[in-house]
Amino acid sequence: MAKAPGNFNQDIHVSDYRSRYDGSKVTSSSLISIEGRITESLNGKWNFTVDPYETFLRANWYSAPEYTADGRQLPVDFDFPNMDFINVPSCWNMERPELFYYENMGIYYRTFRYEKDDKDERLFLCFEGVSYRAYVFLNGKYIAMHDGASTPFDVEITNLVQRDNTLLVAVDASRNDLRVPMSNTDWFNYGGIYRDVFLLRCPKVFIKDWFVRLQPGTSFKKIAVDFEMDGIDSGSAVFEIPELGIHKEIAFENKRGSIIFEADVDLWSPENPKLYDVRLSACNDELRDRIGFREFKVVGNSIFLNGKERFLKGVSVHEDHYILGKTTNESVIRDTIRLVKDELNGCFIRVAHYPHTRAFARLADEMGIMLWEEIPVYWAISFASEKTYSDAENQIAELIRRDKNRASVVVWSVGNENADTDDRFKFMSSLASFVHSVDPTRAVSAACLINEVDLKIEDRLAGCLDIIGINEYYGWYKPDFTELGRILENSNPDKPVIITEFGADARSGFHGTKNMLWCEEFQEELYKKQVKEISSCRYIKGMTPWILYDFRAARRQNTYQEGFNRKGLVDEDRKTKKLAFYVLSKFYSTIK
Ligand code: GCU
């Protein structure tokens with residue numbers, strides 16, 4: 001191999017510096033169930049700096065010496081403990097005005113102290129959401145890399161942690177065409193450690209994962225429990241639902257155990273969001289959760305919840321707040337669910353276009369609303385790329401691992417508005433079969449596009465789905481509204497269709513005639529026409545119009561939009577309802 005030139009300097013002359021970090025990628029298999037566990041928050045003020053030339057990774061800032069071996073100080077280009085503070089969790093775009101459109105690398109630093117409680121305990125560092133890629137360094141050592149802006153990841157630090165620790169996280173918010181989503185979306189690219197960070201102590205042997213649900217096809221009379229152990233191959237566990245007097249011993253082999261047993265449960269539904277305290281204990285570990293039991297099923301063109309046919313009266317929601325960005329909190333989520341349930345008369349929310357925070361499904365369970373959850377396989381993904389596929393599959397695996405015990409989640413969506421090409425069909429049909437294999441208790445769907453040449457609902461992917469989502473903008477992007485009626489007439493799908501998007505932009509407070517673009521009356525009239533057309537179609541069994549709130553979108557820059565997509569039924573202030581809100585609310589009030 002050629003000898004490096006004498007004047008060679010690693011961080012100036014090496015271009016593929018990122019390949020040094022390709023190892024240590026953490027995926028869904030690293031995730032630990034945290035329900036009922038005590039976590040120790042690392043939220044708060046962290047030191048932060050931008051790093052637009054990625055010098056942190058190029059020059060190994062995380063372990064760069066500040067003194068030579070003989071004690072001479074070195075002029076390093078960083079000073080982590082004295083950099084300005086930023087809040088964790090937060091989006092740097094909203095924390096610092098000068099970073100509003102910043103989409104490169106940000107470096108976070110904090111210290112933390114750790115004292116063992118038990119000599120055999122194991123310690124995990126857990127991130128709920130970092131956008132988009134995170135490189136994690138503990139005490140000068142590179143320990144983990146995670147891809148995916150909206151799903152959690154955990155990394156074991158038992159053998160690395162000290163009493164006093166330094167933690168560095170390099171966060172890369174850049175967009176590129178190999179990622180999921182790719183570089184072009186219609187939502188704002190927020191960056192940062194924007195969800196909770198915490199430490200998790202587990203016993204040497206612990207319950208790593210569990211899945212508790214009503215077993216489909218058992219006339220609502222059987223509960224199924226599966227679980228996975230870590231640190232031990234065989235033994236026995238106990239599953240309890242005290243309110244039902246259920247106490248089941250479950251033997252496990254090769255780290256896994258399962259049981260199906262009779263139970264007479266009060267079924268969960270939006271109208272009766274009944275949750276049971278459940279407990280699984282094994283060795284010295286225990287998981288506790290509040291779980292609802294329900295059956296969501298598709299038969300022919302119909303959708304059933306607990307044996308009762310339903311029309312999914314819904315609306316789409318982004319995880320976007322005009323003050324918080326992509327960071328959210330319990331009161332924001334409660335307000336959203338309450339608005340959909342109590343004022344829009346809805347029972348369903350399309351959680352678009354990526355996994356929202358863990359709390360969303362937990363609150364949906366408690367407050368009673370069904371959810372469609374989705375990964376951002378959005379528009380022109382690199383469908384021919386193996387790496388992109390494994391990123392997408394990992395993101396939905398992490399989402400399912402996180403939310404599979406949530407009764408409110410009834411649909412997993414593998415994507416949105418993807419052109420029907422061979423590469424896309426292979427990519428998304430593989431995702432659909434992966435999801436069916438991991439969770440046979442929920443419907444798999446995707447928001448598909450209409451075949452606009454033959455004017456019909458026709459997409460090869462529909463054959464792999466349980467429910468066909470359809471996005472259509474007749475009356476807005478497609479001004480000839482009459483085409484919608486022809487499309488619905490021309491089509492004869494053998495499974496239920498949900499209209500996952502229709503809508504029009506309207507600037508709140510801008511009034512005019514029903515033919516004047518961007519005004520509320522135009523949006524109101526469009527909703528009246530859409531609702532009339534959709535409600536008369538025999539195979540459409542739900543709708544999630546686009547969208548509940550106006551949301552930030554960098555591509556939307558005309559004088560009505562000003563950086564926001566204005567298809568919301570409610571202004572970005574999350575208070576001011578537009579006229580179309582009442583059209584949908586009235587329609588939903590007529591459906592039981
Ligand atoms: C598309 C897309 C949305 C987008 C919407 C719009 O259907 O799925 O993400 O915001 O149209 O154009 O407003």
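The following legends describe close-up views of a predicted model.

**View 1. Buried residues of helix α8.** Helix α8 spans residues 482-490, and its buried residues are Glu483, Leu484, Gly485, Ile487 and Leu488. An α-helix has 3.6 residues a turn, so residues three or four places apart point the same way. Among the elements that cover the buried residues of α8 are α9 (520-535) and β30 (540-543).

**View 2. The salt bridge of Arg18 and Asp172.** Side chains of opposite charge can pair when their charged atoms come close. Here the side chains of Arg18 and Asp172 form a salt bridge, with an N to O distance of 2.9 Å. Because Arg18 belongs to the loop between α1 (10-13) and β1 (39-41) and Asp172 to strand β10 (residues 164-172), the pair ties together parts 154 residues apart in sequence. Asp172 counts as buried because its relative accessibility is 0%.

**View 3. The salt bridge of Arg133 and Asp147.** These two side chains meet at 2.6 Å, N to O. Arg133 lies in strand β7 (residues 133-138) and Asp147 in strand β8 (residues 141-147), so the pair links parts that are 14 residues apart in sequence. Both Arg133 and Asp147 are buried.

**View 4. The salt bridge of Asp186 and Arg555.** The closest N and O atoms of this pair are 3.9 Å apart. Asp186 is in the loop between β10 and β11 (192-193), and Arg555 is in the loop between β31 (551-552) and β32 (564-565); the pair therefore ties together parts 369 residues apart in sequence. Asp186 is buried, at 6% relative accessible area, whereas Arg555, at 43%, is partly exposed.

**View 5. A network of salt bridges.** Shared partners join Asp209, Glu228, Arg256, Arg401 and Lys404 into one network. The whole structure contains 59 salt bridges.

Definitions and conventions:
Residues are numbered from 1 along each chain as its sequence is written. This is a predicted model: local features need pLDDT of at least 70, side-chain atom pairs count only at pLDDT 80 or more; totals for chains, interfaces and linings use all residues. Side-chain values use heavy atoms; hydrogens and water are left out. Buried means under 20% relative accessible area, exposed over 50%, partly exposed in between (1.4 Å probe, protein chains only). Helices (H or I, at least four residues) and strands (E, at least two) are DSSP runs, numbered from the N terminus. Contact means heavy atoms within 4.5 Å. A salt bridge is a side-chain nitrogen of Lys or Arg within 4 Å of a carboxyl oxygen of Asp or Glu.
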